[in-house]
Amino acid sequence: MSAESFERAPQEGTSASYAAAGVDIEAGDRAVDLMKQWVKKATRPEVVGGLGGFAGLFDASALKRYERPLLASATDGVGTKVDIARRMGVYDTIGHDLVGMVVDDLVVCGAEPLFMTDYICVGKVYPERVAAIVKGIAEGCVLAGCALVGGETAEHPGLLGADDFDVAGAGTGVVEADRVLGADRIRTGDVVLAMASSGLHSNGYSLVRHVLFDRAGMSLDQRVEELGRTVGEELLEPTKIYSLDCLALTRTTDVHAFSHITGGGLANNLARVIPDHLHATVDRSTWTPGAVFDLVGTAGQVERLELEKTLNMGVGMIAVVPPESVDVALATLADRGVDAWVSGEIVERGAHTEAVTLTGDHPA
């Protein structure tokens, strides 16, 4: 397992040095020491070695149980949600968002997430802050059932302000070749199941920040009764991680496809797994989006179409299953504490020009 690393440079007398340029090696080492306890929690039996190497090692012999293992990879960040974390001074939840964005892309094809690596870029290394970010990533990996095998922390003085930071990550998963999920499995009559999001997740924050702060003049510490908490607390709500829930569905039902609802909204993301000759109809009347979505729409006078193509509107993951699997699928998700419901169906494309149509209205 590799550790967060910092390049070293000579520092002699009054000559030019890395420290003079703004990079603090000692602070970086302190951050590594602080994060070790969290990284050790995010492991799997296949992880080889400990912290301190240049690369993370994963025992691939574990894949021998597969007939034809396919490796899946994904990478992502959390966008401008990091600005909310920075302004709130809360750094131990943003890692959940990072993991969710990566592993839930992997599981869409049916892949089990195996391991992740992270990249943290900061203007100045504050050891406790970096360790808090890694803590969130490690906790997210535990929730996803994958290992955190290493990462990198880079200090970029002069490019980023002292309090500025960004995070990104990459993940690898595995799926049996004949169990890959996707558009080729979907059939007419299949049922669209929606899984509730925990809130905004990690998409659309450029719109949200513009609407709530620039246009509506709201503040992070402003309490909103409809939300039951402050604006900042709502915006920092961690992304729900669905990977283990989706994998449970693959074991109990004949799932045909998943769709991770991220940037672009429900219709655009679901369309990515709908074959050319078929059409998905999703009925808005089957769920009520959380209060935060109404807040953004009302405060910014944002039209529904704009909201729906930017935000998840209360649905974080979609599963497409045959009708005979619906009851078992819903029961499986309920047992795992996932709020899910029948939201639509798959029909022939016919006169429909789009892959997905949203119909009806959300309940008042």
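Author: What follows is a walk through some parts of this chain, which is a predicted model.

Reader: Start with the overview. How many helices and strands are in the protein chain?
Author: The protein chain has 11 helices and 14 strands. Of its 364 residues, 53% count as buried.

Reader: And what share of the contacts comes from residues 24 or more positions apart?
Author: Such pairs make up 84% of the contacts in the chain with a separation of 6 or more.

Reader: Ok, helices. At what angle do the axes of H5 and H9 cross?
Author: Roughly 55°, and the axes come within 9 Å. H5 covers residues 205–215 and H9 covers residues 291–300. Because of that angle, H5 counts as oblique to H9. The crossing of H5 past H9 is left-handed.

Reader: Which residues of H5 and H9 meet there?
Author: From H5, they are Val208, Val211, Leu212 and Arg215. From H9, they are Leu295, Val296, Ala299 and Gly300. By class, the contact of H5 with H9 has six nonpolar residues, one polar and one charged.

Reader: Another helix, then. Which residues of H2 are buried?
Author: In H2, residues 81–88, the buried ones are Lys81, Val82, Asp83, Ile84 and Ala85.

Reader: What do the buried residues of H2 pack against?
Author: They pack against helix H3 (94–106), strand S6 (165–176), H5 and helix H6 (231–235). Just after H2 comes Gly89, with a positive phi of about 70°.

Reader: Which way does phi go for most residues that are not glycine?
Author: Most of them have a negative phi.

Reader: Where is His201, and is it buried or exposed?
Author: His201 sits in the loop between strand S7 (191–196) and H5. With a relative accessible area of 1%, His201 is buried.

Reader: What about Gln301, what is its phi?
Author: Gln301 has a positive phi of about 50°, and it is not a glycine. Its place is in the loop between H9 and H10. Gln301 has a relative accessible area of 68%, so it counts as exposed.

Reader: Change of topic. Where does His260 lie?
Author: His260 is in strand S10, residues 257–260. Its relative accessible area is 4%, so His260 counts as buried.

Reader: Which side chain does His260 have a polar contact with?
Author: With that of Asp105, at 2.8 Å. Apart from neighbours within four places in sequence, His260 is in contact with several residues, including Gly100, Met101, Asp104 and Asp105. Asn269, Gly316 and Met317 are also among them.

Reader: Last one, Thr310. Where is it?
Author: Thr310 is in the loop between helix H10 (304–308) and strand S12 (315–321).

Reader: Why does Thr310 count as buried?
Author: Because its relative accessible area is 16%, and the cut-off for buried is under 20%. A polar atom of the Thr310 side chain lies 2.8 Å from the backbone oxygen of Glu306.

Reader: And what is Thr310 in contact with, leaving aside neighbours within four places in sequence?
Author: Thr310 is then in contact with Asn203, Gly204, Leu207 and Gly264.

Conventions
Residues numbered from 1 in each chain as written. Predicted model: local features only at pLDDT ≥ 70, side-chain atom pairs only at ≥ 80, totals over all residues. Heavy atoms only, no water. Axes fitted to C-alpha atoms, helices over the stretch in contact; angles between N-to-C directions. Helix = DSSP H or I, 4+ residues; strand = E, 2+ residues; numbered from the N terminus. Parallel < 35°, antiparallel > 145°, perpendicular 65-115°, else oblique. Left-handed = near helix turned anticlockwise from the far one by under 90°. Contact = heavy atoms within 4.5 Å. Nonpolar A, V, L, I, M, F, W, Y, C, P; charged D, E, K, R; others polar. Buried < 20%, exposed > 50% of the residue type's maximum accessible area, 1.4 Å probe, protein only. Polar contact = N/O pair within 3.5 Å; in protein donor to acceptor, adjacent residues only side chain to side chain.
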